[in-house]
Amino acid sequence: LEQGANVILCSHFGRPKGEIIETGKNGRLNPVVKPLEVLLGQTITKLDDCMGPDVEAATKNLGEGKVVLLENTRFYSGETK
């Protein structure tokens with residue numbers, strides 16, 4: 001990051017069984033945003049999906065030294081096993 005790298009974070013978290021869960025141990029990754037910002041010392045961008053045209057556009061247009069957190073990949077049914 002200090003040298004201008006772009007970082008895209010993703011997670012294969014919990015066991016939501018292919019369903020979007022808003023809160024709890026199998027839920028969205030929103031609760032990790034603030035701790036990550038403190039750890040990295042900068043604001044990060046959190047996306048509400050982990051694939052698709054919106055994610056592609058957001059990650060393609062990252063500025064130097066920026067961090068984006070994608071949503072939990074486990075929300076997709078193909079990621080349940």
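This is a predicted model: local features need pLDDT of at least 70, side-chain atom pairs count only at pLDDT 80 or more; totals for chains, interfaces and linings use all residues.
Leaving aside residues up to four places away in sequence, Lys46 touches Leu29, Asn30, Val33, Leu69 and Glu71.

Display the side chains of Lys46 and Asn30 next; a polar contact of 3.2 Å joins them.

Is Lys46 buried or exposed? Its relative accessible area is 18%, and a residue counts as buried under 20%, so Lys46 is buried.

Lys46 belongs to strand β2, and opposite Lys46 stands Leu69 in β3. Select residues 67-69 to highlight β3, a strand that runs parallel to β2 and is joined to it by two bridges.

Which order do the strands follow? The order is β1-β3-β2, in an open sheet of three strands with parallel pairing. Select β1 (7-9) and β2 (45-46): each has a single partner strand and stands at an edge, so one side of each is left without a neighbour in the sheet.

Finally, display the entire protein. Two helices and three strands are present, and from the N terminus on they run β-α-β-α-β. Of the 81 residues, 31% are buried. Among contacts with a separation of 6 or more, 62% are between residues 24 or more positions apart.

Technical notes:
Residues are numbered from 1 along each chain as its sequence is written. Side-chain values use heavy atoms; hydrogens and water are left out. Two strands pair if DSSP finds at least two bridges between them. Helices (H or I, at least four residues) and strands (E, at least two) are DSSP runs, numbered from the N terminus. Buried means under 20% relative accessible area, exposed over 50%, partly exposed in between (1.4 Å probe, protein chains only). A polar contact is a pair of N or O atoms within 3.5 Å; within protein, one must be able to donate a hydrogen and the other to accept it, and residues adjacent in sequence count only if both atoms are side-chain atoms. Contact means heavy atoms within 4.5 Å.
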